[in-house]
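Hi everyone, thanks for coming. Let me walk you through a structure that may be new to you, and please have it open as I talk.

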Amino acid sequence: MDLFLHQYTSENEPLASRIRPIALDGVFGQEHILSQGKLLRRAIESDKISSVIFYGPPGCGKTTLARVICQMTESNYVQLNAVKNNVTDIRKVISQAEKKFAIDKKKTIVVIDEIHRFNKAQQDALMEDVEKGNPILIGTTTENPFFSVNSALLSRSQIFEFKPLSKENIKDILKTAVKDDVNGLGKMKIKITEEALEHLCQKCEGDARIALSALELGALTTQPNSKGIIVFDQHVAQESIQKKIVLYDKDGDGHYDTASAFIKSMRGSDPDAALYWLAKMIVAGEDVKFVARRIVICASEDVGNADPHALIIANAACQSAERVGFPEARIILAQACVYVACAPKSNAVYLAIDSAIEDVNNNIIQKVPKHLKDTHYKGAKEMGHGKDYKYAHDYENHYVKQEYMPEKKQYYFPTNMGYEKKIKEWIERLKKENG
């Protein structure tokens with residue numbers, strides 16, 4: 001296993017790999033952690049880098065920055081992949097790092113791509129030596145490390161969150177690739193239009209690797225014009241990157257963050273925002289049952305009795321969408337989503353049941369009054385069960401005042417929203433007329 005970062009690139013390497021920068025000034029984006037005076041930049045420039053975890057979406061520069069750090073600190077370099085490498089590989093790297101340091105006093109940086117895919121045993125194998133500082137660990141992951149990396153390893157590492165590259169960042173990277181006549185496409189005489197740049201930036205969703213791959217594919221497959229120039233226009237761009245990539249991991253932040261935004265938009269009575277997040281989930285291939293259930297939950301938790309029809313519509317949509325599936329299910333889900341978003345809101349029932357559950361969990365359980373106890377078995381009446389119970393339907397307005405719990409408590413406080421206002425008025429009227 002070669003511990004050194006090679007200084008050359010092969011023409012067979014993808015463009016995205018060939019044009020990786022070797023200095024901090026060549027890194028685009030991530031200004032929030034790499035601007036002058038920021039902690040990470042200071043640590044790199046002073047060669048005081050410790051073990052770190054870079055967390056962010058694909059193609060935003062995590063591995064690129066790791067390589068830059070190795071170049072700038074003149075460290076030995078090893079790259080592992082959590083999918084391909086095991087504990088044996090890790091221990092071999094650690095042993096070599098120790099030998100290298102003993103010989104030339106150079107530290108080793110181990111870059112582990114997709115570190116979240118290491119199991120507990122593999123992560124534990126790193127901890128002791130990481131704590132000693134040789135090797136230095138740079139873990140890269142698209143998953144939230146607080147959910148996917150051992151807490152013990154997290155406590156020994158600094159965590160830096162990377163953001164998707166901006167459109168301007170992507171444009172600068174593409175322009176650099178077109179002009180670079182050493183490792184880029186500069187020898188090919190490419191003229192890329194502004195419309196083509198816009199299309200690539202829009203479709204790649206902040207992923208430089210996707211944009212560069214599309215640029216390379218379009219350039220290599222487009223015939224030069226009579227002047228020997230490859231015109232990379234919007235038509236070429238559209239052919240090179242036809243489907244927009246939606247950043248959405250069904251087991252990670254993309255899944256949970258989008259679902260959270262979807263629910264909060266419905267709760268906040270913004271049907272347009274709710275439809276947007278719904279559309280994102282549909283395009284990303286989210287399970288129809290997952291989406292439908294979120295609408296059902298919101299209909300009860302956030303609309304409640306302010307509009308009892310919301311739950312009926314949401315439940316009908318849940319059953320119907322699951323029955324017909326996509327693509328038609330999108331219409332059913334959208335109808336229920338818009339209804340729930342536009343309905344009057346009340347979380348009174350949600351608060352009520354949680355309050356009652358808390359009461360049951362934390363206080364002495366009340367006994368069922370004898371007149372409310374079950375009488376449908378032999379001997380119940382002899383024990384006094386059901387005695388003096390008043391049947392509500394025998395009284396005016398189908399209501400009669402009697403004891404339903406020994407210690408009277410109120411959990412449900414109906415609001416003045418929608419239909420719940422009528423519920424509130426009815427309850428207050430019954431109480432007033434019956435003392």
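Let me start at one residue: R267 has 34% relative accessibility, so R267 counts as partly exposed. Buried, in this talk, means under 20% relative accessible area, exposed means over 50%, and partly exposed lies in between, with a 1.4 Å probe and protein chains only. Before going on, a word of care: this is a predicted model, where local features need pLDDT of at least 70 and side-chain atom pairs count only at pLDDT 80 or more, while totals for chains, interfaces and linings use all residues. Residues are numbered from 1 along each chain as its sequence is written, and side-chain values use heavy atoms, with hydrogens and water left out.

Back to R267. Its side chain meets that of D302 in a salt bridge, 2.8 Å from N to O. By salt bridge I mean a side-chain nitrogen of Lys or Arg within 4 Å of a carboxyl oxygen of Asp or Glu. R267 lies in helix α13 (residues 253–267) and D302 in helix α15 (residues 288–303), so the pair ties together parts that are 35 residues apart in sequence. D302, with a relative accessible area of 7%, is buried.

How many salt bridges does a search of the whole structure find? The search gives 12. Another one joins R41 and D25, whose closest N and O atoms are 3.1 Å apart. R41 is in helix α3 (residues 39–45), and D25 is in the loop between α1 (15–18) and α2 (31–34), so this pair connects parts 16 residues apart in sequence. R41 is buried at 8% relative accessibility, whereas D25 is exposed at 71%.

Then there is D359 with K409, a salt bridge of 2.8 Å, N to O. This pair links distant parts of the chain, with D359 in helix α18 and K409 in the loop between α18 and α19, 50 residues apart. D359 is buried at 11% relative accessible area, and K409 is partly exposed at 25%. Salt bridges that share partners also join K167, K171, E194 and E198 into one network.

Now for the rings. Rings of Phe, Tyr and Trp (its six-membered ring) pair if their centres lie within 6.5 Å; planes under 30 degrees apart count as stacked, over 60 as edge-to-face and the rest as tilted. That rule gives three aromatic pairs. In one of them, the centres of F54 and F160 are 6.4 Å apart with planes at 65°, so the pair is edge-to-face. F54 sits in strand β1 (residues 52–55) and F160 in strand β5 (residues 158–161), 106 residues apart. Both F54 and F160 are buried. F54 and F162 have ring centres 4.9 Å apart and planes at 45°, so that pair is tilted. Together, F54, F160 and F162 form one aromatic cluster.

Finally, let's step back. The protein has 19 helices and seven strands; helices (H or I, at least four residues) and strands (E, at least two) are DSSP runs, numbered from the N terminus. Is the protein compact or spread out? Its radius of gyration is 31 Å, well over the 22 Å that the globule rule gives for 435 residues, so the protein is more spread out than a compact globule. That radius is taken over C-alpha atoms, and the globule rule is 2.2 Å times the number of residues to the power 0.38.
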